Amino acid sequence: QEGKDVFGKVIKQKAIHEVPLPVADESLKCDEQGNTYKFFANISGELSFVDDKLSIASTRTIEGDVKTPNQKITFPGDIVVTGDVGDEVTIKAKGDLTCKGDAAISLLYSENILRLEGGMKGRGRGTLWSKGTMNIGFCEGAKVFAGGNVNVSEYCFMCVIKTNGLLSVQSHHGALIGGSIHAARGCVVRNLGAEKSIRTVISFGQDYLIKDEIEVHEKEIDENTKTIKAFDEKLNEQGRTETEIDEIRKKKVKLMKRNSALQIRIFNLKENFEFHIPSSIKVLGTIYPGVVLESHGRYFEVFEKQSKVEFKFDEVNGNIVSIPIEEE
């Protein structure tokens, strides 16, 4: 078709020539609609067009280390990093994320399975986050969040861990020492705590993602309440027009309705949070003084070193009990 340039001058139609359709592999499908051809992705990934061929790669492989500060890598499929991940690096995968080296103060996020074959020395800021299962070599001073099970090969030291699955540290010298642990389905560990009585707190038997949601809603209610108070002060100010007053009242009513809805939501969430999830803390080796166990607001503190013991929440009596593990 003829067109016009910025000065309104007509641009004549040039001689047209037929352009062959690109060849697509099985990662895409072609849909013919009259004289129009549309290509649709069959898989998530990165689209490439090379030698008149369309294809989608579901995996991005990054050779070597990723250590450029503030570098952010996002991919709609799987990511594989063959080296280490340095400080202030963010890597997010819509699929699996595999890192064959170690990670420093970074953010590694996967919407499926996260594998860290080395480990993370997070120094209180490094974060591992997975909606599915997580497999880690070791973690020190890391924040670990998982929707599924968390499997650690060697040890966890002074970490914050939240999982709606099971935390496992079962290798021969495996140890869970210090930090704050929330594991909905409990833990299976070789050794728990340390000889020096390092405080280690473990909560189990409840859906801790629900608890997080409750805290988010409560924070929003507090912020809304402060805003409502500010609106009340504005309504008491002299010299405001009827239009301004009406607008402020509308915003205030909207926030009040939002708070009411949030309070109902919090009430329902708290009821669900009280539901008990079958779980236990199973120690295959030794548990040391300084370990504190919690479930449904009931606490159990360990004062004496014990070996091969399992802790469960007694729903009838409402307390945490210990049971010796019988030799197989």
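Predicted model: local features only at pLDDT ≥ 70, side-chain atom pairs only at ≥ 80, totals over all residues.
How many bridges join S3 to strand S7 (residues 53-57)? Two bridges do so, and these strands run parallel.

**View 1. Strands S3, S7 and S6 form an open sheet of three strands.** Follow the order S3-S7-S6 across the sheet, and you will find that the pairing is mixed. At the edges stand strand S3 (23-24) and strand S6 (46-50). Each of these edge strands has a single partner strand, so one of its sides is left without a neighbour in the sheet.

**View 2. Strand S14 pairs with strand S12 and with strand S16.** Strand S12 (residues 97-99) and strand S14 (residues 114-121) are joined by three bridges in the parallel sense. A handy landmark here is Leu 97, bridged to Leu 114 in S14. S14 also pairs in the parallel sense with strand S16 (residues 134-140), this time over six bridges. On that side, look for Met 120 and its bridge partner in S16, Cys 139.

**View 3. Ser 168 sits in strand S20 (residues 167-169).** Is this residue buried or exposed? Ser 168 has a relative accessible area of 9%, which is under the 20% cut-off, so Ser 168 counts as buried. Its side chain makes a polar contact of 2.9 Å with the side chain of Gln 170. Beyond the neighbours within four places in sequence, Ser 168 is in contact with Val 150, Asn 151, Val 152 and Val 188.

**View 4. The largest pocket holds about 230 Å³ of space.** Its lining is made up of Tyr 109, Trp 129, Ser 130, Lys 131, Phe 145, Ala 146, Gly 147, Lys 162, Leu 209 and Asp 212. Which elements give two or more residues to this lining? They are strand S15 (127-130), strand S17 (143-146) and helix H1 (208-235). Sorted by class, the lining of the largest pocket has five nonpolar, two polar and three charged residues.

Technical notes: Residues numbered from 1 in each chain as written. Heavy atoms only, no water. 1 Å grid on protein atoms, 1.4 Å probe; cavity = no way out; pocket = protein on both sides within 12 Å on 5 of 7 lines; lining within 4 Å. Points joined across faces, edges and corners; volume = space filled by probe spheres on them. Helix = DSSP H or I, 4+ residues; strand = E, 2+ residues; numbered from the N terminus. Nonpolar A, V, L, I, M, F, W, Y, C, P; charged D, E, K, R; others polar. Pairing = 2+ DSSP bridges. Buried < 20%, exposed > 50% of the residue type's maximum accessible area, 1.4 Å probe, protein only. Polar contact = N/O pair within 3.5 Å; in protein donor to acceptor, adjacent residues only side chain to side chain. Contact = heavy atoms within 4.5 Å.
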